[in-house]
Amino acid sequence: MANDSSTKAEGKRDKVVLAYSGGLDTSVDIHWLKENYNVDVIAISVNVGQPPNEDDIVARALRNGAIKSDFFDVRKEFVEEYVWPLVKANGLYQDIYPLSTAIARPLMAKTLVKIAKQEGAKYIAHGCTGKGNDQVRFDAGIVAQDPDLKILAPQREWVTSRDEEIDYAAEHGIEIKAKKSSPFSRDENLWGASCECGALENAWEEPPAGVWAHTVDPEKAPNTPTYIEIEFEQGVPVGLDGKRMDGVELIEKLNKVAGDNGVGRIDHVEDRLVGIKSRETYECPAAVTIITAHKAIEAMTLQREVLDFKRGIEQKFTRMVYDGQWFGGLREPINAFIDATQKYVNGTVRVKLFKGSVTVVGRKSPTSLYDTGLATYSKDTVDTFDHKAAMGFIYVWGLPDQTAARAHKEKQ
């Protein structure tokens with residue numbers, strides 16, 4: 001821990017901008033940073049769509065010792081500049097996790113760096129632990145924007161349990177909302193919610209009901225399916241059921257409708273960047289529904305070679321988001337390629353939401369590559385396919401293998 005006695009003697013304090021959620025860790029961090037680093041704490045909350053707090057967390061940060069606190073609503077930027085690029089890349093880490101937590105971190109890091117520069121702060125602090133991925137996303141994202149900023153991470157230096165933190169808060173008069181009876185650690189935003197710790201650490205046991213906060217139990221979901229139509233323009237969702245709406249509203253509505261049908265529950269043992277396998281649960285109703293629909297409209301509008309090549313690029317992009325490399329030199333060129341593939345990804349996808357499942361049941365596009373005249377087997381539709389041409393095509397297509405087989409047979 002750093003403690004500059006000369007600074008104390010002069011009565012001057014360096015400033016630290018704290019990524020402040022109002023939760024247990026960052027609430028006690030205000031006092032811990034002041035006590036151990038002799039700094040003035042500026043508590044910054046970044047709204048990426050987490051549920052509203054039951055109290056004014058800005059006021060609570062000030063009561064807990066911050067010299068300044070502020071709340072920034074960046075939901076529109078979050079959706080347009082971070083979530084939509086992820087959708088265009090069909091972003092699913094290990095083909096399962098829609099990166100709900102990971103995709104929010106670069107925007108939060110960007111906001112923290114901006115405030116640190118405005119305030120003349122020497123440090124940025126966060127409440128991430130030494131086992132998690134978020135420490136990498138914050139640390140790497142911050143220094144990639146300003147390598148002169150220093151990172152403080154109390155939970156990496158002061159390794160303690162949740163109960164011990166609660167006791168620390170009581171001892172030092174820190175106002176918190178957490179209780180010892182709450183066993184889980186959560187992170188939530190517009191794109192989804194994550195939950196870990198507690199009973200989830202037993203990977204054999206089914207997640208207890210208390211894990212799920214935003215989705216209906218699929219067994220208790222409505223007995224009749226819900227159909228919804230999602231309209232895309234250049235790979236981006238722009239409307240639901242014929243009504244155009246902005247991204248924040250669209251995601252909020254889909255989270256409600258899909259969540260009410262039990263869609264979006266994920267139970268995943270994932271590989272963390274730090275080398276640990278971790279059991280996580282996620283609730284991502286809108287994310288799962290939108291990505292499913294986006295894949296369907298791509299299948300109708302993109303050529304096979306583009307789809308095949310894009311899959312590899314998608315995996316690279318997904319790993320970069322998960323691994324905290326948003327501000328590196330490769331992400332923008334990758335996004336440029338993906339954006340180029342989305343020019344003709346236009347149309348509407350109809351999905352059926354039913355007891356935890358999301359199924360594509362219809363799709364249409366003004367730029368569709370699906371040609372009924374070529375695909376039909378019906379006698380009632382004019383068949384435009386040249387059946388005789390197939391013989392010559394198959395001969396040429398199979399010629400290399402035919403040639404090899406003849407050569408090898410002659411040498412046997």
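This report walks through a predicted model of one protein, from its overall build to single residues.

## Overall build

The protein has 412 residues, and 46% of them count as buried. Its secondary structure comes to 14 helices and 14 strands. The C-alpha trace spans about 90 × 55 × 45 Å along its principal axes.

Take the contacts in the protein with a separation of 6 or more: residues 24 or more positions apart account for 73% of them.

## Helices α4 and α9

Two packed helices are described by the angle between their axes and the distance between the axes. Helix α4 covers residues 75-88, and helix α9 covers residues 247-260. Their axes come within 8 Å and cross at roughly 80°. Angles of 65 to 115 degrees count as roughly perpendicular, so α4 is roughly perpendicular to α9.

Which residues meet here? From α4 come Arg-75, Lys-76, Val-79, Val-83 and Trp-84. From α9 come Gly-247, Val-248, Leu-250, Ile-251 and Glu-252. By class, this contact of α4 with α9 has six nonpolar, one polar and three charged residues.

## Helices α10 and α11

A second pair is α10 and α11. Helix α10 runs over residues 285-301, and α11 over 304-322. The two pack at an angle of about 150°, with their axes 11 Å apart.

On the α10 side, His-294, Glu-298 and Ala-299 make the contact. The contact of α10 with α11 has two nonpolar, one polar and three charged residues.

## The cavity

How many cavities of 30 Å³ or more are there? The count comes to one. About 70 Å³ of space lies in the largest cavity.

Three helices each supply at least two residues of its lining: α5 (105-119), α6 (134-145) and α11 (304-322). The lining is made of Ala-102, Arg-105, Pro-106, Arg-137, Gly-141, Met-320, Val-321, Gly-324, Gln-325, Trp-326 and Phe-327. These residues divide into six nonpolar, three polar and two charged.

## Asp-323 in its loop

Asp-323 is found in the loop between α11 and α12, the latter covering 331-341. Is this residue buried or exposed? Asp-323 has a relative accessible area of 13%, so it is buried. The limit for buried is under 20%.

Leaving aside residues up to four places away in sequence, Asp-323 touches Val-136 and Leu-273.

## Two residues with positive phi

Most residues other than glycine have a negative phi. Asn-38 has a positive phi of about 55°, although it is not a glycine. Asn-38 lies in the loop between α2 (24-37) and β2 (39-47). At 8% relative accessibility, Asn-38 counts as buried.

Gln-234 also has a positive phi, near 50°, and is a residue other than glycine. Its place is in the loop between β8 (226-233) and β9 (236-240). Gln-234 has a relative accessible area of 49%, so it is partly exposed.

## Leu-18 in strand β1

Leu-18 sits in strand β1, residues 14-19.

Leu-18 and Ala-125 are 107 residues apart in sequence. In space they are 4.6 Å apart, C-alpha to C-alpha. Ala-125 is also one of the residues that Leu-18 touches, not counting those up to four places away in sequence.

## Ala-405 in helix α14

Ala-405 is found in helix α14, residues 389-410. Ala-405 is partly exposed, with a relative accessible area of 47%.

How are Ala-405 and Thr-224 placed? The two are 181 residues apart along the chain. Their C-alpha atoms are separated by 56 Å.

Terms used:
Residues numbered from 1 in each chain as written. Predicted model: local features only at pLDDT ≥ 70, side-chain atom pairs only at ≥ 80, totals over all residues. Heavy atoms only, no water. Axes fitted to C-alpha atoms, helices over the stretch in contact; angles between N-to-C directions. Helix = DSSP H or I, 4+ residues; strand = E, 2+ residues; numbered from the N terminus. Parallel < 35°, antiparallel > 145°, perpendicular 65-115°, else oblique. Contact = heavy atoms within 4.5 Å. Nonpolar A, V, L, I, M, F, W, Y, C, P; charged D, E, K, R; others polar. 1 Å grid on protein atoms, 1.4 Å probe; cavity = no way out; pocket = protein on both sides within 12 Å on 5 of 7 lines; lining within 4 Å. Points joined across faces, edges and corners; volume = space filled by probe spheres on them. Buried < 20%, exposed > 50% of the residue type's maximum accessible area, 1.4 Å probe, protein only.
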